[in-house]
Amino acid sequence: MALRHWRRKLEQIPMLFAGIDLTTSPNIPSALALLDSSLRVLHMGFFHSEGEVINDLRGHGNCLVGIDAPLSLPTGLCCLEETCSCKQPPGMKGRICERGLAKMGIGSFFTTKSSIIKGMVYRGMTLKQELLSHGHLALEVYPYASKVRLFGKPIPPKNTGKGRNFLKKQLSTLIPSIGRRFPDLDHNLADAVIAAYTGYLYERGEVEAVGEPQEGLIFIPKKNVPRKEQVINDEHNPVSPHRNSGKGH
Ligand SMILES: [Zn+2]
């Protein structure tokens, strides 16, 4: 479905923002976060199968889902199998969006036949189709790039104590309730929150698209996105997704 058509369709519907930190296999839990348009956390948890995500989003209307995984293949490739004769044009490696990020000094895995995250690429592409068929919209996001744009470099490694404290502090400046409600947020869930937040920025027109639409875009926050002062206390005023969740802009 074309973006513009999708947006028109959603004009009257409260917008929710989901973020997914996708793993390479359904055997390894993937993180899912769901925010409303006032940045209240409606859901935070893990899922295994694509069907579980669809279930978790059921009853939340059409969601804008930011997925941390490649959602497309490089031009010229029909798959990532060495046994297939498909190949990229000579001298090309990975997708334009990935090369674009590299030029910005933001490293990422390049999508190639020798990718170590092949399973995640196939899963991401399947999940995207599954979400679209249920009326959601899926955007490719890259939480590390979002963090660089929102928090600046250096970003301490996320699996260290220093990295966790950094993330907790920075996330609280975006979503004030998060530190109180989820004091021990693990880095996968934190990335899911960042992915959802990037979708929120997309809706506000505060993202930049890296890459070419025909091949696949990664959405990252624009430079110097202003931090909105959010006076929200969802700890004491839990909201249902169907209440107070109109577009906040
Ligand atoms: Zn192929």
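**Asparagine 224 is placed in the segment after strand E7 (216-221).** The structure is a predicted model, in which local features need pLDDT of at least 70 and side-chain atom pairs count only at pLDDT 80 or more, while totals for chains, interfaces and linings use all residues. Residue numbers start from 1 along each chain as its sequence is written. Helices (H or I, at least four residues) and strands (E, at least two) are DSSP runs numbered from the N terminus. Asparagine 224 has a positive phi, near 55°, and is a residue other than glycine. With 8 other C-beta atoms within 10 Å, asparagine 224 is exposed. Burial is assigned by counting other C-beta atoms, placed from the backbone, within 10 Å of a residue's own: 20 or more is buried, 12 or fewer exposed, and anything in between partly exposed.

**Leucine 39 sits in the loop between strand E2 (30-36) and strand E3 (41-47).** Its phi is positive, about 65°, although leucine 39 is not a glycine. Most residues other than glycine have a negative phi, and most peptide bonds are trans. Leucine 39 counts as buried because it has 21 C-beta neighbours inside 10 Å.

**Isoleucine 28 belongs to the loop between strand E1 (16-21) and E2.** From C-alpha to C-alpha, isoleucine 28 is 6.7 Å from histidine 48, although 20 residues separate the two in sequence. Isoleucine 28 is partly exposed, having 13 other C-beta atoms within 10 Å.

**Lysine 153 and proline 154 are joined by a cis peptide bond, with omega near 0°.** Proline 154 is located in the loop between H5 and H6.

**Helix H6 (residues 161-174) has buried residues Leu167, Leu171 and Leu174.** Exposed residues Gly161, Lys162, Asn165 and Lys169 are on the face of H6 turned away from the buried side. The cover over the buried residues of H6 includes helix H7 (178-181) and helix H8 (187-203). The 14 residues of H6 should span 20 Å at 1.5 Å a residue, and the end C-alpha atoms are 20 Å apart, which agrees. The expected span is 1.5 Å times one less than the number of residues.

**Helix H5 (residues 143-151) crosses H8 at roughly 70°, and the two axes come within 9 Å.** H5 is therefore roughly perpendicular to H8. Angles of 65 to 115 degrees count as roughly perpendicular, under 35 as roughly parallel, over 145 as roughly antiparallel and the rest as oblique. Axes are lines fitted to C-alpha atoms, for helices over the stretch in contact, with angles from 0 to 180 degrees between N-to-C directions. Pro143, Ser146 and Lys147 of H5 meet Asp191, Ile194, Ala195 and Thr198 of H8. Two residues are in contact if their C-beta atoms, placed from the backbone, lie within 7 Å.

**The largest nonpolar core has 57 residues, of which Ala18, Ala33, Ile67, Val193 and Ala196 touch the most other members.** H8 contributes the largest share of this core, 11 residues. A nonpolar core is a set of buried Ala, Val, Leu, Ile, Met, Phe, Trp, Tyr and Cys residues joined through C-beta atoms within 7 Å. Beyond its neighbours within four places in sequence, alanine 18 contacts Leu32, Ala33, Leu34, Leu57, Cys63, Val65 and Ala196. Across the 249 residues of the chain, 36% are buried.
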